[in-house]
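Please keep the sequence and the model in view while reading.

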Amino acid sequence: MTDLRASTTALYRAKADALVLAVAPGPRLLGADDLPRPLRSTLSPEGLKALGVSGKADEVVRIPTAEGGLRAAVVVLTGTGRLTGDLPSAEQLRRAAGAATRTLAGLGSAALALPADDVESAAAVAEGALLGAYAYRAQRGRTAADAKAPVAELELLTPLARDKTLAARLERAAVLADAVSTVRDLVNAPPNELYPETFVQAARDAAKGTKVKITVLDEKALAAGGYGGILGVGQGSERPPRLVRVEHAPSKPKAHLALVGKGITFDSGGLSLKPPTGMVTMKCDMAGAATVLAAVVAAARLDLPVRVTGWLALAENMPSGTAQRPSDVLTTYGGRTVEVLNTDAEGRLVMADAIVAAGEEQPDAIVDVATLTGAQVVALGSRVSAVMGDDALRAAVLAAAERAGEQFWPMPLPEELRASLDSPIADIANIGDRNGGMLVAGLFLREFVPNGADGTRLPWAHLDIAGPAFNEQGPHGYTGKGGTGHALRTLLALAEDLG
């Protein structure tokens, strides 16, 4: 994990391998008022243009300092993108700082002199820098030396370095970045190493040093308890499924938030087999469960005054002689029967069991997180997730996401689509109208949300993160290729709001 500390050191005195400065379109350098004279003309608007620097988002340019009067060997110019005011937004600072540290892998240290004169800006720079300082190198063998380690030390240059409020925010940034790295590591892990049983061990490892309580239901306990959704999906694999409950339980919680995560450690589609190219990234189908696990652990490390229970529905969806068949009928936890018309619509089956189990504890809200549908990617692309559910909770999720810097978009649950899930032989079918498939999947999950003590359905929201959970394109901002950790920051912000 990259270390970060705040300092009031003048940028020309910073002892680091690289000095990171922000550039806005124009181009113009932001801040850096105490830049040594030899570099002022070089980094003037005219000088920046001559260097080909534009200030656009994701642009990172290195300039050797030579006789420039700095201790750092290079200046790293990172673009903020177009500004709506005089200064970048918090998310623009996160992305600019993250883009810089992402490209500085292999260096020992870097000093960050981006605009950080208020707590929000300084915290955003810290978050982005730590999020960008990530690399997955666990599977490297002979090429291990080619995979550079993230920059080891970061120094945030800010006049608020001794501010107690900022100190708390920097501690939070470190916890948050560590949690996102946990999600990324799990999503990036190969499916021959990460399957339900080993995921359980990964959960225990992640919770070490905290008071998080972990309870595991193995295949025998799942059968005894009637968890037909999880068992049905997992019965085609030699690696049996698990349902894992993780809990952060402070002594006097102000609220109880239940999180449910889809944990399909590999999705072949089952007997409704995916095409070969469609399976290549299906190790990421457990991103929801990884996100829930990391969110609960982060809540515990931050000692949030909110009870947070996480439910990880873990199974491997494989074709075999024991796999569930199209037209099978499963009895899910709680007694509702489901006709399986497509074994590749498996995530909603494991989630159904977990949502019912989570609701039995009567939490104040249930939020489920899943790489659920390809229709989400068609509708919103690879960087914007969908949120559906009850109006008030949906709005709360969107507010938390806005503050956290993650992109979510509100989607409806049209009642006219519900009829397409009707089954002639069971309580409900696992697929319906292909048009609006993301919304149909949300309607399916809604059927399993239990009622509260007042007889009405518990507050519930569904997050479909199918596209943003795994970056198949080029790196951008603080996000590299592979697992992204998307939605973790939103869930943590939501938990904080409830406290």
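This is a predicted model: local features need pLDDT of at least 70, side-chain atom pairs count only at pLDDT 80 or more; totals for chains, interfaces and linings use all residues.

## The second largest pocket

The lining of the second largest pocket comprises 13 nonpolar, six polar and four charged residues. The volume of the second largest pocket is about 400 Å³. Ala 32, Leu 114, Ala 116, Asp 117 and Leu 157 are the closest to its centre among the 23 residues that line this pocket.

## The enclosed cavity

The structure contains one cavity of 30 Å³ or more. The largest cavity has a volume of about 60 Å³. Its lining is formed by Val 175, Asp 178, Ala 179, Thr 182, Ala 206, Ala 294, Val 297, Ala 298 and Arg 301. Helix H5 (164–188) and helix H10 (287–301) are the elements that give two or more residues to this lining. Sorted by class, the lining of the largest cavity has six nonpolar, one polar and two charged residues.

## Annotated positions

According to an unreviewed UniProt entry, the annotation "active site" covers Lys 274 and Arg 348. Lys 274 is placed in the loop between strand E10 (256–267) and helix H9 (276–279). Lys 274 counts as buried because its relative accessibility is 16%, under the 20% cut-off. Apart from residues up to four places away in sequence, Lys 274 touches Asp 267, Ser 268, Gly 269, Met 279, Met 282 and Asp 344.

Arg 348 belongs to helix H11 (residues 347–359). With a relative accessibility of 8%, Arg 348 likewise counts as buried. When its neighbours within four places in sequence are left aside, Arg 348 is in contact with Leu 372, Thr 373, Asn 430, Ile 431, Ala 441, Phe 444 and Leu 445.

## Surroundings of Asp 267

Asp 267, one of the residues touched by Lys 274, is found in strand E10. Is Asp 267 buried or exposed? Its relative accessible area is 2%, and Asp 267 is therefore buried.

The side chain of Asp 267 takes part in a polar contact with the side chain of Asn 317, at 2.8 Å. A polar atom of the Asp 267 side chain also lies 2.9 Å from the backbone nitrogen of Gly 269. Not counting residues up to four places away in sequence, Asp 267 touches Lys 274, Met 279, Met 282, Asp 285, Asn 317, Asp 344 and Glu 346.

Note on methods: Residues are numbered from 1 along each chain as its sequence is written. Side-chain values use heavy atoms; hydrogens and water are left out. UniProt positions are given in the numbering used here, feature names are shortened, and annotations may be inferred rather than shown by experiment. Helices (H or I, at least four residues) and strands (E, at least two) are DSSP runs, numbered from the N terminus. Buried means under 20% relative accessible area, exposed over 50%, partly exposed in between (1.4 Å probe, protein chains only). Contact means heavy atoms within 4.5 Å. On a 1 Å grid over the protein atoms alone, a cavity is a set of points where a 1.4 Å probe fits but cannot get out, and a pocket is an open set with protein on both sides within 12 Å along at least five of seven lines; lining residues have an atom within 4 Å of a point. Grid points are joined across faces, edges and corners, and a volume is the space filled by probe spheres set on the points. Ala, Val, Leu, Ile, Met, Phe, Trp, Tyr, Cys and Pro count as nonpolar, Asp, Glu, Lys and Arg as charged, and the others, Gly among them, as polar. A polar contact is a pair of N or O atoms within 3.5 Å; within protein, one must be able to donate a hydrogen and the other to accept it, and residues adjacent in sequence count only if both atoms are side-chain atoms.
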